[in-house]
Amino acid sequence: MTTLPDLRTARRRYVTACALFWLPAGLTIAPLILLFTERGMTMAAIAGFFAAHSLTAAALELPTGGLSDVLGRRAVLAAAGLLNLAALTLQALGTTAWVLTLGMVLMGTARALSSGPAEAWYVDTVHAHVGPDAELRTGLARGGSATSAALATGTLLGGALPWLLGLGPDLGARLFEATSGLVLPLSVPLLLGATVDIAFVLYVLTALREPPRAKATLRGVLQGIPATVVGGLRLGARDALVRRVFLSAGAVGCALAALELLTPGRAAALTGASESGAVLYAAVACVGFVSSGVGSHLAPLTARLAGSGERAVMVSLGAGASGLLLLGATAVSTAPFAMVLAACGYALVYLGIGAAAPSENELLHRSVPSAGRATALSVQSLALQLVGALSVLVVGALPSGPLPWLLAGTALVAGAALWIQRDRSTPSCAANSTNSAQVVGERAS
């Protein structure tokens, strides 16, 4: 008989699993696009890589939802870690477009598999000890905090490592020569992330013991996938407020896609070198994660000041859109004042998205019955991933300058405009401190 961890131990293990899974994702944020550029890939090709990641994650978002019920939370999480390990290795060492594409596809698959099992394991364990009325918010909030901290730490470390390798005896150049160009300084953070993934898999297999539960059959899960997809689409079609939430998620996906694709190159152009650009981008991305966390913390205050959760979403997304417009207005200038405005715009985008997410999800949970809640969240994530994938292709094909930023800003303005007319009165929302970290994490991975 499996001995389950006590509540405090379960919370600690859940937080540790969150941190170990998202740390490798943070390590890739600063160097990944610059590494692809160093490998000779064009911006259009890089956009294709990220589209492959997003489309894979989107295609598997709903089908993989039931796998943890069939195979177990621990098995699915371990599989996600192994796929992430393979993906980071291919990205770090790959020199051809098809290898890099395969790495992004594997990373997208890992992202889809990892969506939910860790949280489900924690909830299952708490319910096994206390019952279905157990208090979950504290543990889930700490998991969200661990995710944000891991992303921020990984981003700083991933940006600093390539730069540090170029100092003193220039270990980066020696590593390049010793591996015949296979390992670049920008590859090192990804290889470190692969090492962390090994630790993640071992930790999941040894620490996340599962409570006994009824298992569904694989055939039942596979047969239920079409009904799940259709049910989620019908949900958005028949409820105007839920539809707004889904469309707003798509607008956020467009904004985040533009930020992730364009900011690394802009940082490298400003500093004059890929390695120093990665350091600058790491610092900027860290500011973004902190801003997202601050926005989430301010969500209840925003709702109170705005008068309702719907108005809070409109104000928050509008603030994020103004940040993208600032980035577009300063896209062709390297003057110090323009750079300050660009930094403020970048932080404002994440602040607005972070403040909107808790209000959106509170409204969603009020409108969706318990039986359809998981489906609604999956469709919301699917909208973000799909629009992000399409947006990265469009943004990558546009000429550099203000236009790509203005396109993303327009999308977020449209997302805010959805909330101008209200269909129903909704009280001010309560904060959901984990949601903004999960939204940003979905794009960062």
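Modeller: Axes are lines fitted to C-alpha atoms, for helices over the stretch in contact, and angles run from 0 to 180 degrees between N-to-C directions. Please keep in mind throughout that this is a predicted model.

Colleague: At roughly what angle do the axes of α5 and α6 cross?

Modeller: Helix α5 covers residues 73–93 and helix α6 covers residues 97–114. Their axes come within 8 Å. An angle over 145 degrees counts as roughly antiparallel, and α5 is therefore roughly antiparallel to α6. The crossing angle is roughly 160 degrees.

Colleague: How many nonpolar, polar and charged residues does the contact of α5 with α6 have?

Modeller: On the α5 side the contact includes V76, L83, N84, L88 and Q91. On the α6 side V99, L102, M104, T109 and S114 are among the residues that take part. By class, the contact has 16 nonpolar, 5 polar and no charged residues.

Colleague: Is the crossing of α5 and α6 left-handed or right-handed?

Modeller: Handedness concerns the way the near helix is turned from the far one, anticlockwise or clockwise, by less than a right angle. For α5 passing α6, the crossing is left-handed.

Colleague: Is α3 roughly parallel or roughly antiparallel to α6?

Modeller: The axes of α3, residues 43–61, and α6 come within 7 Å and cross at roughly 30 degrees. Angles under 35 degrees count as roughly parallel. The crossing itself is right-handed. On the angle, therefore, α3 relative to α6 is roughly parallel.

Colleague: How do the residues of the contact of α3 with α6 divide into nonpolar, polar and charged?

Modeller: From α3 the contact includes F49, F50, H53 and E61. These meet residues of α6, including L100, M104, V105 and R111. The division is 11 nonpolar, 5 polar and 2 charged.

Colleague: What is the handedness of the crossing of α1 and α10?

Modeller: The axes of α1 (residues 7–29) and α10 (residues 188–207) come within 8 Å and cross at roughly 160 degrees. The angle therefore makes α1 roughly antiparallel to α10. R12, R13, L20 and F21 of α1 and L192, V196, D197 and F200 of α10 are among the residues making the contact. As to handedness, the crossing of α1 and α10 is left-handed.

Colleague: How many charged residues does the contact of α1 with α10 have?

Modeller: The contact of α1 with α10 has 14 nonpolar and 3 polar residues. The number of charged residues is 3.

Colleague: Which helix gives the most to the lining of the second largest pocket?

Modeller: This pocket holds about 360 Å³ of space and is lined by 18 residues. The lining divides into 11 nonpolar, 6 polar and 1 charged. At least two lining residues come from each of α12 (240–271), α17 (373–397) and α18 (402–417). With 5 residues, the helix giving the most is α12.

Colleague: In which helix is R266 found?

Modeller: R266 is listed with G265, A331, S400 and G401 as lying nearest the centre of the second largest pocket. Not counting residues up to four places away in sequence, R266 touches L327, T330, A331, M339, A342 and W405. R266 and G277 are 11 residues apart in sequence and 8.1 Å apart in space, C-alpha to C-alpha. The helix that holds R266 is α12.

Conventions. Residues are numbered from 1 along each chain as its sequence is written. This is a predicted model: local features need pLDDT of at least 70, side-chain atom pairs count only at pLDDT 80 or more; totals for chains, interfaces and linings use all residues. Side-chain values use heavy atoms; hydrogens and water are left out. On a 1 Å grid over the protein atoms alone, a cavity is a set of points where a 1.4 Å probe fits but cannot get out, and a pocket is an open set with protein on both sides within 12 Å along at least five of seven lines; lining residues have an atom within 4 Å of a point. Grid points are joined across faces, edges and corners, and a volume is the space filled by probe spheres set on the points. Helices (H or I, at least four residues) and strands (E, at least two) are DSSP runs, numbered from the N terminus. Ala, Val, Leu, Ile, Met, Phe, Trp, Tyr, Cys and Pro count as nonpolar, Asp, Glu, Lys and Arg as charged, and the others, Gly among them, as polar. Angles under 35 degrees count as roughly parallel, over 145 as roughly antiparallel, 65 to 115 as roughly perpendicular and the rest as oblique. Contact means heavy atoms within 4.5 Å.
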